[in-house]
Amino acid sequence: MSFAYAMAAASPSSLLLPTPQTLSRPLLNGRLPSPPATRRAPSLPFWSPTRDPRRFAASSSPAPSAVEGNPKLDAETGGRSAKDKEEGLREQRVVLPTNESSEKLLRIRHTCAHVMAMAVQRLFPGSKVTIGPWIDNGFYYDFDMEPLTDKDLKRIKKEMDRIINRNLPLIREEVSREEAQTRIMAVNEPYKLKILESIEEEPITIYHIGNEWWDLCAGPHVDSTGHIDKKAVELESVAGAYWRGDVNKPMLQRIYGTAWETEEQLKAYIHLKEEAKRRDHRRLGQDLDLFSIQEDAGGGLVFWHPKGAMVRHIIEDSWKKIHLQHGYDLLYTPHVAKADLWKVSGHLDFYKENMYDQMNIEDELYQLRPMNCPYHILLYKRKLHSYRDLPMRVAELGTVYRYELSGSLHGLFRVRGFTQDDAHIFCLDDQIKNEIRGVLDLTEEILLQFGFMKYEVNLSTRPEKFVGTDDIWEKATAALRDALDDKGWAYQIDEGGGAFYGPKIDLKIEDALGRKWQCSTVDFNLPERFDISYVDSNAEKRRPIMIHRAVLGSLERFFGVLIEHYAGDFPLWISPIQARVLPVTDTEVKYCTEVVSKLNSIGIRAEVCYGERLPKLIRNAEKQKVPLMAVVGPKEVETQMVTVRSRFGGELGMMTIDEFIARIQFAVSNRTSL
């Protein structure tokens with residue numbers, strides 16, 4: 001069974017991908033969906049798969065922030081040598097298309113899923129097929145069968161190659177529901193019967209590979225298996241996945257594969273994947289001693305180590321400073337509340353599956369908060385407001401708790417407890433556009449300082465299940481659209497992708513490898529459920545508009561993205577340790593300690609390390625990605641100086657402590673390297 005029908009059978013929680021990615025939009029009646037609506041070009045660099053296929057330029061070194069402005073580094077090549085840059089330019093000639101930019105690629109991947117299923121059933125008689133969609137970088141298929149090994153994957157790939165070599169035609173057939181059911185029962189495929197029940201449209205379509213294998217499918221496919229370059233296909237891994245994402249249903253074997261138009265594209269993708277592995281925040285988090293997940297405490301619960309906590313402190317401090325400058329008031333609210341609060345907010349009706357069980361406290365039911373929004377509304381309601389008080393902007397770094405299946409947990413990207421940077425704006429109708437524009441400006445300012453300059457913007461509209469009136473939804477959607485147009489950002493329309501309580505703007509940031517990460521959100525909450533109001537100029541009570549927004553998303557997820565974007569090589573201003581002072585011998589330790597004390601006293605994060613030979617101390621500092629090293633020998637002690645070495649700038653020579661401090665302060669203030 002393939003993609004369009006697969007979506008009717010699979011829940012989002014069943015899509016356990018090896019790396020954070022999303023499924024492409026399903027096909028409807030065997031046709032590609034219409035391209036999303038777009039607007040004029042944005043004010044910032046913007047990558048769109050419909051206009052510019054992704055170019056591969058994986059760096060072997062961390063990409064510095066585009067706003068750091070170090071002339072010795074290049075944002076595309078990560079500060080590599082001239083030879084490496086030349087190789088990088090050759091890499092850039094390899095274009096990695098996407099499912100959205102290349103229908104040919106989408107058809108290849110879809111057909112590869114079918115070819116793989118055919119190969120599996122030939123090699124493992126009795127295996128049952130379920131669903132097999134294409135995904136961002138390839139395809140997968142779920143089978144009910146005995147566990148597979150890496151050796152099995154090699155056998156399956158060889159069988160796929162034989163099928164591809166035979167150049168078998170892909171034949172589309174339309175049948176009645178009754179005929180489809182008869183055929184499915186004849187081949188004893190129980191999962192297909194379940195899938196057939198979930199298909200609403202008719203006629204039912206079937207795709208054949210020659211006259212030897214068939215599956216329920218809405219298409220599209222290549223004309224024949226010979227249109228697939230077998231050297232551009234690779235089976236990557238096998239994993240367990242519950243049928244329809246339900247832990248109470250059978251565990252299936254999910255085989256992941258990748259497919260491209262050419263062998264050259266596959267090699268480029270493999271190189272990109274290797275670079276992503278090198279940047280994996282879970283490995284770097286351990287190597288750099290930034291964070292951990294302590295299983296004794298429970299999965300999905302993050303422990304911030306001192307170095308990681310320092311980066312978080314810097315992020316939070318910067319976040320608070322910018323919000324105060326933009327007229328926000330800061331809040332702190334409880335982590336639990338009475339269950340009745342979540343009934344009023346609508347969360348128990350629309351979000352219950354993501355919430356933890358209720359607690360009985362003195363015969364009253366309480367619940368851990370999954371969101372911060374109701375708390376901010378309660379604070380607004382504590383007194384009567386005049387129209388002169390609006391707009392009112394409040395913001396909080398509030399920790400929330402959401403239930404996730406253990407199999408879906410993924411480092412910092414998918415956790416059970418996290419801190420959301422939530423804010424709410426209570427305003428008048430005629431203030432909506434300016435307030436949303438202000439949110440977009442604030443978002444741009446925050447993301448730019450962390451080096452993120454490329455965004456993908458989506459305007460998500462009303463879903464099938466929603467609260468509120470059509471009039472409110474139309475007004476809110478129009479306000480978001482007007483603000484985006486005024487900002488000049490290009491965006492796509494995600495029909496039906498809004499939250500149950502309102503339309504939203506979703507912003508994905510692009511990292512150094514060209515991957516996109518969901519971070520910022522702007523949406524509307526519905527104040528009617530809490531009956532909040534203000535008094536207008538005629539002394540009458542009116543309903544305010546309530547805008548909700550998050551810029552970083554969760555601090556945990558953003559930190560994970562930041563680690564992978566810089567490969568752990570953080571810019572000087574957010575590096576947990578900015579300078580490490582290294583004595584040549586133990587004789588210089590006393591002076592080194594004095595230097596570190598002076599640096600620390602003015603807010604520079606420095607430490608002294610000794611007890612090893614100098615070459616090893618330098619290697620350790622390099623491995624820990626410390627931006628600056630200050631080496632101290634007898635000459636430096638005598639002249640009261642240090643010899644400075646920068647990870648980005650190389651040898652900087654001897655300088656006085658005051659000069660060292662001044663250069664660090666200038667670099668930090670201007671977000672540059674030393």
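Mentor: Buried means under 20% relative accessible area, exposed means over 50%, and partly exposed lies in between, with a 1.4 Å probe and protein chains only. Of the 674 residues of this chain, 55% count as buried. The model is a predicted one, in which local features need pLDDT of at least 70 and side-chain atom pairs count only at pLDDT 80 or more, whereas totals for chains, interfaces and linings use all residues. Residues are numbered from 1 along each chain as its sequence is written, and side-chain values use heavy atoms, with hydrogens and water left out.

Trainee: What are the helices and strands that the chain has?
Mentor: Helices (H or I, at least four residues) and strands (E, at least two) are DSSP runs, numbered from the N terminus. By that rule the chain has 19 helices and 30 strands.

Trainee: Why is Ser408 called buried?
Mentor: Its relative accessibility is 12%, and the cut-off for buried is under 20%, so Ser408 counts as buried. The residue sits in the loop between β17 (392–401) and β18 (417–427).

Trainee: What does the side chain of Ser408 reach?
Mentor: It reaches the backbone oxygen of Leu405 at 2.7 Å. A polar contact is a pair of N or O atoms within 3.5 Å; within protein, one must be able to donate a hydrogen and the other to accept it, and residues adjacent in sequence count only if both atoms are side-chain atoms.

Trainee: What makes β26 largely enclosed?
Mentor: Five of the five residues of strand β26 (residues 579–583) are buried, so the strand is largely enclosed by the rest of the structure. Ala579, Val581 and Pro583 point one way from β26, Arg580 and Leu582 point the other way, and all are buried.

Trainee: Why are β14 and β15 said to stand at the edges?
Mentor: An open sheet of three strands has the order β14-β16-β15, with antiparallel pairing. β14 (336–338) and β15 (359–361) each have a single partner strand, so one side of each is left without a neighbour in the sheet. β14 pairs with strand β16 (residues 364–368) over three bridges in the antiparallel sense, and Lys338 stands opposite Tyr366 in β16.

Trainee: What is meant by the largest nonpolar core, and which residues touch the most other members?
Mentor: A nonpolar core is a set of buried Ala, Val, Leu, Ile, Met, Phe, Trp, Tyr and Cys residues joined through side-chain atoms within 4.5 Å. The largest one has 62 residues, of which Ile436, Ile509 and Phe558 touch the most other members. A second, separate core of 31 residues includes Val120, Val129, Ile163 and Val222.

Trainee: Ala539 and Ala567 both have a positive phi; is each of them buried or exposed?
Mentor: Ala539, with a phi of about 65 degrees, lies in the loop between β23 (534–535) and β24 (541–542), and its relative accessible area of 63% makes it exposed. Ala567, with phi near 55 degrees, lies in the loop between α15 (555–566) and β26, and at 1% relative accessibility it counts as buried.

Key: Pairing = 2+ DSSP bridges.
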